Amino acid sequence: MADHTVHSTGPVASTSAPAGRSPNQPSHRQHAATPRRRGAADSATVHPAAAVALRLLRERVLARTRALLELDDAPLVPAFAEVVEAEAAPAFLGRLLSAQNQIAARRAAAWPPDRVRDALGAAFVQGAAETIEVLAADAAQGIDGVMVVAEVLAEHGRRLAALASAPAAPA
């Protein structure tokens, strides 16, 4: 008589396991739940001083931007999920300047462009100075935060120098 697995009471090969894997091998889910030993490749470095400094810089620059453009304190820039801990200074600065420009758009129609531009520049400098003052008061992590702000300021200076050296656009 032929062996029919449906009628047999003996063990049946697993039909839920992927092809090529025996039922006794652990699944990927079981493997993922198994704790791994921490090695050099598994380490991660978190710099809380950098995150605090960048978030504070953003908050202070945008607050000074609203004040100097004589706008109310209502949030004018959409709040996005941001991962500033791992963000390079150029990327952070680009987003910060973009946020400033979004705020300035509400004032651009009423003020001459030079006045708006001057207010944005002053807001950036004043917000950075406030941030450095707050961070410098923290003896434990302040210097690390100040160094992060200094890196953003250096990038800002590079961008301004590049703008100043660029040829003027034809009128």
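The crossing of helix 2 and helix 3 is right-handed. Please bear in mind throughout that this is a predicted model. Helix 2 covers residues 48-68 and helix 3 covers residues 89-104; the two pack at an angle of about 20°, with axes 10 Å apart. Angles under 35 degrees count as roughly parallel, and helix 2 is therefore roughly parallel to helix 3.

Which residues of helix 2 and helix 3 meet? On the helix 2 side they are Leu54, Leu57, Arg58, Val61, Leu62, Thr65 and Arg66, and on the helix 3 side Phe92, Arg95, Leu96, Ala99, Gln100 and Ile103. Sorted by class, the residues of this contact of helix 2 with helix 3 are eight nonpolar, two polar and three charged.

Let us turn to helix 3 and helix 5. Their axes come within 9 Å and cross at roughly 70°, so helix 3 and helix 5 are roughly perpendicular to each other. Helix 3 contributes Ala89, Pro90, Phe92, Leu93, Gly94 and Leu97 to the contact, while helix 5 contributes Glu151, Val152, Glu155, His156 and Arg159. The contact of helix 3 with helix 5 comprises six nonpolar, two polar and three charged residues.

The next pair is helix 4 and helix 5. Here the axes come within 8 Å, and the crossing angle is roughly 165°. That makes helix 4 roughly antiparallel to helix 5, and the crossing is left-handed. From helix 4, the residues Phe124, Ala128, Thr131, Ile132, Leu135 and Ala136 meet Gly142, Gly145, Val146, Val149, Val152, Leu153 and His156 of helix 5. In the contact of helix 4 with helix 5 there are nine nonpolar and four polar residues, and no charged ones.

I come now to the pocket. What is the volume of the largest pocket? The value is about 340 Å³. Its lining consists of Leu97, Gln100, Asn101, Arg117, Leu120, Gly121, Phe124, His156, Arg159, Leu160 and Leu163. Helix 3, helix 4 (113-136) and helix 5 (142-165) are the elements that give two or more residues to this lining. By class, the lining of the largest pocket has five nonpolar, four polar and two charged residues.

Leu97 lines the largest pocket and belongs to the contact of helix 3 with helix 5. Phe124 is likewise in the lining, and it takes part in the contact of helix 4 with helix 5.

Conventions. Residues numbered from 1 in each chain as written. Predicted model: local features only at pLDDT ≥ 70, side-chain atom pairs only at ≥ 80, totals over all residues. Heavy atoms only, no water. Axes fitted to C-alpha atoms, helices over the stretch in contact; angles between N-to-C directions. Helix = DSSP H or I, 4+ residues; strand = E, 2+ residues; numbered from the N terminus. Parallel < 35°, antiparallel > 145°, perpendicular 65-115°, else oblique. Left-handed = near helix turned anticlockwise from the far one by under 90°. Contact = heavy atoms within 4.5 Å. Nonpolar A, V, L, I, M, F, W, Y, C, P; charged D, E, K, R; others polar. 1 Å grid on protein atoms, 1.4 Å probe; cavity = no way out; pocket = protein on both sides within 12 Å on 5 of 7 lines; lining within 4 Å. Points joined across faces, edges and corners; volume = space filled by probe spheres on them.
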